Amino acid sequence: MNDARPKFPLRDEFSLNCNGRTLNAKSMLRHSRELAEICLKLKIGRLAVVGHDPISLSIALVALHQIGGEVLVHRGQLPSGRGLVDELKDLGVNGWFDGERVHSTQSGSRAPSTFGLLIPTSGTTGTPKWVTHSLEALLSSAEVKSSTLAGSKFLMSFHVATFAGIQFLLSAMTAGAELCYTEQNSISSLADFAHRFPPNVISGTPSFWRAFLLAMGKEAALLPLRNVTLGGEIVDQNILDALRSRYPETRIRHIYATTEFGALAPVDDGKAGLPADWLERKDMEFQIAIVDGHLYVGGKRASQHCAKDTAGHLSEGIVLADTGDLVELRDERILFKGRADSMINVGGHKINPEEVELALLDVPGVLDAFVYAHPSALLGSVVVADLMLDSTVDRPTFRELALRNLSKTLPRHKLPVRFNEVTSVDRSVAGKLRRVKMHHG
């Protein structure tokens, strides 16, 4: 093993807590050394790890960093059929780790000599793509960077196989925190976990925070939170204000990040969107621009992740790549409107479902919303909304109330023709709404 390699920046105070069962840094390092020796013996240079288990992933990260290999974070089940094994081979994987054993897919091809992480994109609007990240790039944009958080409790709400989940894990490892997670990972189980092991740091999507605050009830304000971060979806002003009212002394930030481009700087001014002056600043590790309503990102950090098929925009010699996010300038802010690839066509009108969802979240009693297309013989598609409603909503009058509120900000063709009350909405492991299928029910 090459002892000349720089050590993985793991603090001694780091530990993992799964439903009350803990693994400390000393034990994790021992398992990592054992895994590294096995990978060297089997000549494995790119190792796949099943993505639902932070313990397996943590061990693999340290092990492959030791020997100069790559970790591919696989969100699915462990390879059992021939098809999945072939998929791993196509990705250049020559072994996978199930938390207990290492399985070899190819012998005699060690491959990479430098450490890297292969992370799948969210795949909410299509097939996920694999993006390679260096440890340095991930650590430079890690959500929490404070040695004063050693011994703190981090509550994991993200699936660990997502970009946000891996960043949160790395933040805990390098801060020397106790990372708490539950295998069920439902809102109710996370709320119960927070009752038993009150966390100091939580990061989640706006949808997570809305549901988590509801599940915690009055006890939410009693959590000893020092850091709160939001990301993964459009962060609206309502959820920022709700968090600030409950945690007036807590550091609250939202972060714009994508698997392809990494994370930009955090926004901690309490306002939705990005500061408009970022368009002019040249002192950051990235540059942004708005081209035809799309947000473009480039610079030192973003350039290494730009996909080959992404349309580029040249700004002062720097190639900026299209993120696919639609934005607008308003009141000195860059406000997000949704994804360009999720538009609904209603009689020739292009409608962004995320814009309608944000408007629905302003309607009293709406806890969560999912807007999608429904086939129409006359218009091609119409807009339908699945809604989670709280117990205070008067169901018979809700439609009238909702349409009256929506009409204040949305034109007629963007209004849903039907509201369906549901108990939950379909989200990916990244916590994002799935927008692949049109409803045919």
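Modeller: Let us begin with what an angle between helices means: an axis is a line fitted to C-alpha atoms, for helices over the stretch in contact, and angles run from 0 to 180 degrees between N-to-C directions. Please keep in mind that this is a predicted model. Here the axes of helix α1 (residues 25-41) and helix α2 (residues 54-67) come within 8 Å, and they cross at roughly 55°.

Biologist: What word describes how α1 lies to α2, and why?

Modeller: Angles under 35 degrees count as roughly parallel, over 145 as roughly antiparallel, and 65 to 115 as roughly perpendicular, while the rest are oblique. The crossing is at roughly 55°, and that makes α1 oblique to α2. The crossing in which α1 passes α2 is right-handed.

Biologist: Which residues of α1 and α2 make the contact?

Modeller: From α1 come M28, L29, H31, S32, R33, L35, A36, C39 and L40, and from α2 come S58, I59, A60, V62, A63, L64, Q66 and I67. Sorted by class, the residues of this contact of α1 with α2 are twelve nonpolar, four polar and one charged.

Biologist: How do α2 and α5 cross?

Modeller: The axes of α2 and helix α5 (residues 163-175) come within 12 Å and cross at roughly 70°, and α2 and α5 are therefore roughly perpendicular to each other. In this contact L57, S58, L61 and V62 belong to α2, whereas I166, L169, L170 and M173 belong to α5. The contact of α2 with α5 has seven nonpolar residues, one polar and no charged ones.

Biologist: How should I read a sheet?

Modeller: Strands of a sheet pair through backbone hydrogen bonds, and the pairing is either parallel or antiparallel.

Biologist: How many bridges join β24 to β25, and which residue stands opposite H374?

Modeller: Ten bridges join β24 to strand β25 (residues 380-389), and the two run antiparallel; H374 stands opposite V382 in β25.

Biologist: What describes a pair of aromatic rings?

Modeller: Such a pair is described by the distance of the centres and the angle of the planes. For pairing, the centres must lie within 6.5 Å, and by this rule the count comes to nine aromatic pairs. Take F208 and F212: their ring centres are 5.1 Å apart and their planes are at 25°, so the pair is stacked. Both F208 and F212 lie in helix α7 (residues 206-216), four residues apart, which is about one turn of the helix.

Biologist: Which residues of α6 meet F208, F212 and others in α7?

Modeller: Helix α6 (residues 187-196) and α7 pack at an angle of about 60°, with their axes 9 Å apart, and that makes α6 oblique to α7. In their contact, I187, L190, A191, A194 and H195 of α6 meet F208, A211, F212, A215 and M216 of α7. By class, this contact of α6 with α7 has nine nonpolar residues, one polar and no charged ones.

Conventions:
Residues numbered from 1 in each chain as written. Predicted model: local features only at pLDDT ≥ 70, side-chain atom pairs only at ≥ 80, totals over all residues. Heavy atoms only, no water. Left-handed = near helix turned anticlockwise from the far one by under 90°. Contact = heavy atoms within 4.5 Å. Nonpolar A, V, L, I, M, F, W, Y, C, P; charged D, E, K, R; others polar. Pairing = 2+ DSSP bridges. Phe/Tyr/Trp six-rings, centres within 6.5 Å; stacked < 30°, edge-to-face > 60°.
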